[in-house]
Amino acid sequence: MRRAALALPVLVAGLTQAAPADAALRFERCGSYGFACGRLSVPLDRSGAVPGRVSLLVKRVRAREQGGASRPPLVLLAGGPGQSATETFSGGALGLLYSAYRSRDLIVFDQRGTGHSGLLRCRRLERANLLEAGAAAGACASRLGARRALYTSRDSTEDIEAVRREIGAERIALFGTSYGTKTALAYARRYPSRVERMVLDSVVEPDGPDPLYLDALGAAPRVLRSLCRRRCDWTPDPVADLASLVDRIARRGALRGRVVDPRGHRRSGRLTRLDLFTILVAGDFDPALRAAFPGSVRAGLGGDPAPLLRLRRRAFAVDGEPPPPRLLSAAVYAATTCEEAPLPWARTTPPDPGERHAQAAARAATIADASFEPFDRETMLRSDTLALCERWPHAPVAPDPGPGPLPNVPVLLVEGEDDVRTPVENARRTAASFPRSRLVVAPATGHSAIGADFSGCALRAFARFVQLRQVPRTCPRVGRLFVPTPPPPRQLGAVRRLAGTSGVSGRVLAAVRLTLRDVAEDSLTELIFDPHDPDIARGGGLRAGRYRIDGDNSLGMHGVAFVPGVRVSGRLKHFGERRQRGVLRISGRAGPGGRLVVRGQSVSGHLGGRRVTAALDAPQAATVATIAAARRDRPLLR
């Protein structure tokens, strides 16, 4: 969830105009992990008004129990909306769900318009920034015509039911992640007698997502104060800092400054109130970005915009740049969002941005000012959802799945404590709709909790639930892999010397340590969201220079500066690991230069002609280990 001017043709792969009877679903072995694949042809429009059919790719993994499945199959639903389930639940991500198919078959299918099920494509939208995609989305809607209203959760609900009938299951269990939870809830409301149990990870409520993000704004103070509890000694209140910066930008205009691009060039940058909100929400997927947010806000208040400008670049990579179409259909993302979200204008309003935003402003004016804090009403009226849908022609009637009732079945809801886009409060309200629900909150965890919780508590709760065992009510508190970092130093004199060192050389060594940590944490975003690049990551230093981490985890740096006036160049093999080694060259006007040899977590060499030795304490080591885990299990993090 949350996820450019020549209009190019829309490609709807796998969609035909013929209307034969539904073909039987026959499975044949395909690929690894014991998958068998089959195809099921379903009507594009079950009312018959719009011709055509969609061929759904359905994959099955048989239960591992001797004698076959003894419990109803578990159907896996991906998020987005628009994400491919067969790509999401594969490899390491499928391994996370190993406990589920001890006694159950797993059923994974790409919902209509995604992955290999009639992939819906609008090429201009695929090139757009999804945070500012109104014009591209409008062009996509025009190309799709009447088809644009047929990719909703209601339509997917009927597809799930068709799959259930074809596999011959009397009942099914449902597992939904993020927007997949809304589809699971829609199916449960439409076919309550067919549901055996449900797992809802990062809950989108049945009437969500909120295009003004009031639920996210309500959760933000709790999340930021939890992040900073006993850790942010540079500020008395990170929420007050954020509110102050929002107010300052509202009065004085966007923050402006310089940001270093991945080629090491310094570029002009600007940061708006909406950019601040985008950074905050992007931390749901990138815990290092979230940890850097309070200190960067404090830096912005102090006149140093560089940290926030660099976080903006990372945040736009998380929520702005569409993944490859085979992973997420930007067209389905727009079609589903704009047909289902409770937008603050009448569905009959023409797709005119001016009229729609006037209605949105009138609706927002009825909401108390306090509901928008620590941001403000004007910021949220510029939200990405309103921008995406401002030119989208809506179907006259909303896609209501039906009145219910919801089934009286066991339901496990899993949330990350730090999740802002689908906060814990949403899950609590949804849990209240089910008499037999259990909510498990994973501490220090963001979005898509089962895949993102490195403590393993959320995964253990899932395993016990699908095996019909008792689920604990709480998760134990764990330490954070990424603790908040203070505002970056603006001069070498503000850097504390490494233990056991003295003089300006001790500060330079500490600056080297900070630089290595900063590179590791800055690289996390690209690693998670672009794992197919031959380089693991590349980027610019906070103050100067550039770095690159290649596929064998070797770090190359060219004049990278985190502390002004201390530039680090050289190469480290096995970056962040215990066996890391290499040579670094130190230069710059702030302190003595020289050559350092790194072996493991020890550094030795000469600075300004004097012999130096120190322990780096490798704050980046845990970060790089986390990066490797995130790369392996990336699909569940999206």
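Here are some exercises, with worked solutions, on the predicted model shown above.

**Exercise 1. Which residues lie nearest the centre of the largest pocket, and which helix gives the largest share of its lining?**

Step 1: Start with the space itself. The largest pocket has a volume of about 1,000 Å³.

Step 2: Look at what surrounds that space. The lining of the largest pocket is made up of 39 residues, and T485, P486, R513, L514 and R517 are the ones nearest its centre.

Step 3: Link the lining to helices. At least two lining residues come from each of α10 (287–301), α11 (306–319), α19 (503–529) and α20 (619–632). With seven residues, α19 supplies the largest share.

Step 4: Sort the lining by class. You get 23 nonpolar, four polar and 12 charged residues.

**Exercise 2. How many nonpolar, polar and charged residues line the largest cavity, and where do they come from?**

Step 1: Check which elements contribute. Two or more lining residues come from each of α5 (153–167), α6 (179–190) and α12 (330–340). The top contributor is α6, with three residues.

Step 2: Sort by class again. The cavity lining has five nonpolar, 11 polar and one charged residues.

**Exercise 3. Is P405 buried or exposed, and what does P405 contact beyond its sequence neighbours?**

Step 1: P405 sits in the loop between α15 (384–389) and β13 (411–416).

Step 2: Use the cut-off. Exposed means over 50% relative accessible area. P405 has 58% relative accessibility, so P405 counts as exposed.

Step 3: List the contacts. Once neighbours within four places in sequence are set aside, P405 is in contact with A188, R189 and P192.

Step 4: Compare sequence and space. P405 and L386 are 19 residues apart along the chain, and their C-alpha atoms are 31 Å apart.

**Exercise 4. Which residues have the most contacts inside the largest nonpolar core, and what does F293 touch?**

Step 1: Recall the background. Nonpolar side chains tend to be buried together in soluble globular proteins.

Step 2: Look at the largest core here. This core has 104 residues, and those with the most contacts inside it are L125, L174, M198, L276, F293, L308 and F375. Its largest share, seven residues, comes from α12.

Step 3: Zoom in on F293. Not counting residues up to four places away in sequence, F293 touches L224, L242, L276, I279, L280, L308 and L311.

Step 4: A second, separate core has 37 residues, including L509, V519, L542 and V563.

**Exercise 5. Why is strand β4 described as largely enclosed, and which strands pair with β4?**

Step 1: Count the buried residues. In β4 (residues 35–43), seven of the nine residues are buried, so the strand is largely enclosed by the rest of the structure.

Step 2: Check the pairing with β3 (residues 28–29). β3 and β4 run antiparallel and share two bridges.

Step 3: Look at the turn. The hairpin of β3 and β4 has five residues between the strands, and there G31 takes a positive phi near 65°.

Step 4: Move on to β5 (residues 53–61). β4 and β5 are also antiparallel, over nine bridges, and R39 has L57 in β5 as its bridge partner.

Note on methods
Residues numbered from 1 in each chain as written. Predicted model: local features only at pLDDT ≥ 70, side-chain atom pairs only at ≥ 80, totals over all residues. Heavy atoms only, no water. 1 Å grid on protein atoms, 1.4 Å probe; cavity = no way out; pocket = protein on both sides within 12 Å on 5 of 7 lines; lining within 4 Å. Points joined across faces, edges and corners; volume = space filled by probe spheres on them. Helix = DSSP H or I, 4+ residues; strand = E, 2+ residues; numbered from the N terminus. Nonpolar A, V, L, I, M, F, W, Y, C, P; charged D, E, K, R; others polar. Buried < 20%, exposed > 50% of the residue type's maximum accessible area, 1.4 Å probe, protein only. Contact = heavy atoms within 4.5 Å. Core = buried A, V, L, I, M, F, W, Y, C linked by side-chain atoms within 4.5 Å. Pairing = 2+ DSSP bridges.
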